[in-house]
Amino acid sequence: MRFKYLEPQTIDEAVSLLFTYQDRAKVIAGGTDLLNQIRLKRTKPEYVVDICYLPDLEYIKYDAAGQLSIGALTTIRSLELSKELKGRHPVLAQAASLLGSMAIRNVGTLGGNLCHASPSAETAPALIALGAGVKVVGPAGERTVELEKFFTGPGQTALQRGELLLEIQVPPLPPGTKGVYLKHSSRGTVNPALVGVAAIVAMDGKRCREIKLALGAVASTPMRAKKAEEILRGEEIDDALVEKAAQAASDESRPITDVRASADYRKEMVKVFTRYAFRNAIVH
Amino acid sequence: MKQGITLKVNGIVEEVYIEPWWTLSRVLREELGLVGTKEGCGNGFCGSCTVLIDGKAVKSCLYLAMKARGKAIMTIEGLQGKDGGLHPLQEAFVEHFAVQCGYCTAGMIMAAKAMLDEGTDRSEEELRIGLGGNVCRCTGYAKIVEAISACAKEMGEGR
């Protein structure tokens with residue numbers, strides 16, 4: 001490990017450094033992910049740009065319309081413990097509580113979890129299912145990107161030269177909507193998900209009014225399970241239909257075989273956990 | 001190029017000259033001689049390097065020492081009881097034979113301290129979840145959990 005450590009004090013300064021050094025620079029927030037990547041020799045930045053000295057990037061707040069905004073430097077632990085989040089977007093607090101160990105959650109940030117763009121990024125499926133977007137800033141100013149389109153491959157995002165993620169924006173959850181995130185992994189929460197499933201569901205009696213399903217760790221990026229959603233959306237729900245949707249989610253997932261699990265096992269578990277997630281969401 | 005920084009460790013302000021990529025675990029052990037903090041995996045999975053920063057448990061192997069400037073760092077060496085002797089958690093570990101090879105012990109105790117500082121009313125399951133990031137390769141978990149449970153109970157009763 002060997003790099004120059006830069007501590008910009010303003011967002012403009014950070015953007016300018018990232019623009020100048022491009023691929024030679026990496027952003028550090030908590031560092032739990034980046035330092036690991038450097039140690040494992042998966043990345044070798046010449047410059048590490050610490051954004052923790054930028055002002056006002058750590059907050060969880062709701063506006064009058066109920067839209068949630070989360071600063072990029074907000075720790076995973078703050079999300080897990082936020083009473084307001086637990087009350088209004090509990091699925092996100094729940095997903096946060098399943099990310100790594102307490103000592104990692106104390107340091108790791110939401111912005112970092114998303115920008116590292118691991119296919120198993122623990123907060124991604126819940127945020128995608130919630131329809132979240134991210135606000136980024138770059139040399140040309142600010143823009144927002146749908147989170148679903150933010151991930152472009154393992155470790156790859158839609159961030160362009162000089163761009164920095166500032167805020168995660170989540171629309172209000174419509175009344176009567178429930179959400180669940182389930183994580184399947186070895187060693188409890190500590191290891192990354194083998195399969196993660198987020199389900200956001202609104203029911204009218206037995207009919208499924210609206211549904212979003214998002215999967216983690218089973219494709220090159222976190223993904224929506226749109227075919228499974230279509231099977232359930234607007235329909236009267238029975239066991240056979242849930243089974244059909246779970247199978248569809250499994251079919252549209254594209255997992256790989258790695259040290260943690262085989263692709264076949266992951267596909268099977270997508271089916272199982274999609275079923276669990278949907279059932280949990282409708283009984284909650 | 002090395003640069004001089006000050007770190008507040010166990011209440012003492014220390015001046016160290018470090019490279020910016022040095023982790024806190026390295027600086028604690030190799031610059032300050034505080035070798036109670038162990039480094040096991042170096043990847044944030046084993047928890048033996050756990051220290052407290054501003055009261056929160058942190059894996060010091062994945063934490064740049066530069067980031068610890070201006071913060072209060074506590075290592076196992078900084079723990080003590082009311083009378084200056086062993087901290088109740090350390091006493092409980094001795095009492096309940098919760099130490100085998102000892103490599104995980106400092107990390108276990110610091111993670112447990114962070115948890116009990118937030119509240120002593122903990123079920124065994126909560127304690128086990130809280131210790132999820134700390135590995136004991138002697139597999140001595142039963143004794144460790146016993147020790148922490150007993151200590152939590154005593155602290156809760158204000159003893």
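In chain B, B:Ile53 stands opposite B:Lys56, a residue of strand β4(B). Strand β3 (residues 50-53) of chain B pairs with β4(B) in the antiparallel sense over 4 bridges; two strands pair if DSSP finds at least two bridges between them. The model is predicted: local features need pLDDT of at least 70, side-chain atom pairs count only at pLDDT 80 or more, and totals for chains, interfaces and linings use all residues. Residues are numbered from 1 along each chain as its sequence is written, while chains are lettered from A and ligands numbered from 1 in the order in which they are written.

**Sheet of chain B**

- The open sheet has 5 strands in the order β2-β1-β5-β3-β4 (chain B), with mixed pairing; strands (E, at least two residues) and helices (H or I, at least four) are DSSP runs, numbered from the N terminus.
- Its edge strands are β2 (12-18) and β4 (56-59) of chain B, each of which pairs on one side only.
- From one strand to the next, the twist averages 45 degrees.
- Helix α3 (residues 105-118) of chain B packs on the sheet and touches β3 and β4 of chain B; the direction of α3 makes about 35 degrees with that of β3(B).

**Helix pair in chain B**

- The axes of helix α2 (residues 88-95) and helix α5 (residues 141-156), both of chain B, come within 8 Å and cross at roughly 135 degrees; axes are lines fitted to C-alpha atoms, for helices over the stretch in contact, and angles run from 0 to 180 degrees between N-to-C directions.
- That angle makes α2(B) oblique to α5(B), the class left once angles under 35 degrees count as roughly parallel, over 145 as roughly antiparallel and 65 to 115 as roughly perpendicular.
- On the α2(B) side, B:Pro88, B:Leu89, B:Ala92, B:Phe93 and B:Glu95 meet residues of α5(B), among them B:Ala147, B:Ile148 and B:Cys151.
- The residues of this contact divide into 9 nonpolar, no polar and 2 charged; Ala, Val, Leu, Ile, Met, Phe, Trp, Tyr, Cys and Pro count as nonpolar, Asp, Glu, Lys and Arg as charged, and the others, Gly among them, as polar.

**Chain A and the interface**

- Chain A contains 12 helices and 14 strands, and its C-alpha trace spans about 60 × 45 × 35 Å along the principal axes.
- Between the chains, 22 residues of chain B are in contact with 20 residues of chain A, contact requiring C-beta atoms, placed from the backbone, to lie within 7 Å.
- Strand β4(B) supplies the largest share of the side of chain B that touches chain A, 4 residues.
- By class, that side of chain B has 10 nonpolar, 9 polar and 3 charged residues.

Technical notes:
Two residues are in contact if their C-beta atoms, placed from the backbone, lie within 7 Å.
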